[in-house]
Amino acid sequence: MYLTKLFDIIYRGLAKAFLKLGLERYHSVCIIGFNAPEWFYSDLGAIYAGGFAAGMYTTNSPEACLHCLVTSDANICVVEDDKQLEKILKVKAQCPKLKAIVQYEGKPDKPGVISWDELMELGRAAPDESLDRVLETIATNECCTLVYTSGTEGASKPVMLSHDNITFNAACIIQYFKLESAALSVISFLPLSHIAAQTVDIYSVMTVAATLWFADKNALKGSLINTLLEVRPHVFLAVPRVWEKIHEKLMAVGKQTTGVKRWIANYAKSTSLQHYMAYLEKVTYLRCYLSREFQILSSFIPGDKKKFLSMLLALRTKMNADTGEPLDELETDTKDWLKSLGVDNINTLSELLEKKPDAVYKATQAAIDRANLKSISNAQKIQKFEFLPADFSIPTGELGPTMKVKRPFVVKKYQSIIDKFYDV
């Protein structure tokens with residue numbers, strides 16, 4: 001009863017408000033902001049009103065936002081705050097179909113931008129007839145959501161997903177992972193503009209009436225662990241890079257554990273890693289293997305259409321907690337690894353690359369040689385490697401919003417190093 005009432009107040013109200021603002025059938029409501037209840041409400045309200053929900057990554061530039069607004073025929077754009085609003089205002093004049101902008105955090109002071117409270121009031125005052133007429137025309141096999149690719153291979157592409165596609169996938173996830181209990185807790189932190197997060201966080205949670213917790217904006221910069229400790233979720237969806245960071249943290253903590261506790265922890269981590277490795281492809285296996293051998297954080301294999309495989313490696317450095325950018329100062333465990341090789345008094349990555357200690361390069365080559373023993377042919381072996389001057393990150397452009405490597409960007413950025421591998 002409560003959920004039905006909530007649905008009527010929020011989703012019907014938002015749908016009516018969007019129609020009042022001029023949302024047309026088969027046009028979109030673009031949403032840009034970090035995970036929040038308003039993101040959910042806008043997504044479902046747009047669908048309920050017969051439009052498309054189209055999420056945009058918070059890391060999008062104004063130009064990337066323009067691409068999404070135009071290709072999705074956006075009538076309305078919902079933004080989180082002033083930072084995201086500025087992006088939309090810069091390109092608004094180039095979006096002839098954009099009729100309204102809504103800001104859900106803070107009180108907007110720009111002309112033509114309405115607040116979340118004003119949007120809700122607009123919905124409450126609107127009659128039901130126009131929405132009811134739209135609902136009668138919606139079919140389950142029609143598109144309801146546009147999901148944009150993260151742009152790792154060029155401009156983002158909109159993918160059309162239907163009502164039955166999304167609900168079927170959610171039902172399969174619930175059945176496969178046995179998530180039928182309403183007592184489940186889930187943390188929402190991955191970008192909601194990505195279909196994986198939408199399927200789990202929105203549709204699966206809604207289907208079983210589970211409890212959803214929202215992480216804060218700095219989740220991927222280090223605060224996620226605090227949310228995990230507080231919530232202790234039953235279900236936790238993450239991309240491989242997040243699991244790698246968790247593994248690194250466990251290994252760092254494990255170094256300070258002694259006795260029986262250390263043996264138990266090492267056994268558990270070893271068993272988990274074996275299960276994880278079973279699903280990895282060769283390239284990811286190499287990175288995980290090297291990560292266990294020494295302090296490698298990122299790796300990249302640029303051997304496509306080349307005579308042999310090569311590898312770019314990044315050593316672990318500290319991270320700017322505010323921006324997420326990698327710093328030049330080496331992490332403590334990286335320094336410890338260097339000391340174990342007899343390399344002392346090197347505190348920064350730039351200093352290490354300048355001095356090029358022979359012991360570091362020999363240890364790295366030895367680790368690659370051991371990894372190459374797992375290869376089934378010479379074509380799969382790494383023949384050459386080089387260290388990069390910085391790790392990959394979203395702010396510096398090597399990673400997309402879903403933490404996947406943007407291969408064209410990395411190749412272009414480090415083309416000079418790659419060319420040396422192949423004597424170009």
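Residues are numbered from 1 along each chain as its sequence is written. In this predicted model, local features need pLDDT of at least 70 and side-chain atom pairs count only at pLDDT 80 or more, while totals for chains, interfaces and linings use all residues; side-chain values use heavy atoms, with hydrogens and water left out.

**Exercise 1.** Determine in which order the seven strands form the open sheet, and which strands stand at its edges.

*Solution.* 
1. Strands are DSSP runs (E, at least two residues) and helices are likewise (H or I, at least four), numbered from the N terminus; two strands pair if DSSP finds at least two bridges between them.
2. The order is S5-S4-S3-S1-S2-S6-S7, with mixed pairing.
3. Strand S5 (113–115) and strand S7 (158–162) stand at the edges; each has a single partner strand, so one side of each lacks a neighbour in the sheet.
4. Strand S6 (residues 143–148) pairs with S7 in the antiparallel sense over five bridges, and Tyr148 stands opposite Pro158 in S7.

**Exercise 2.** State which residues form salt bridges with Arg12, and whether Arg12 is buried or exposed.

*Solution.* 
1. A salt bridge requires a side-chain nitrogen of Lys or Arg within 4 Å of a carboxyl oxygen of Asp or Glu.
2. Asp128 meets Arg12 at 3.5 Å, N to O. Asp128 lies in the loop between helix H5 (116–125) and helix H6 (129–135) and Arg12 in helix H1 (residues 2–20), so the pair ties together parts 116 residues apart in sequence.
3. Asp132 also forms a salt bridge with Arg12, the closest N and O atoms being 3.0 Å apart.
4. Buried means under 20% relative accessible area, exposed over 50%, and partly exposed in between (1.4 Å probe, protein chains only). Arg12, at 15%, is therefore buried.
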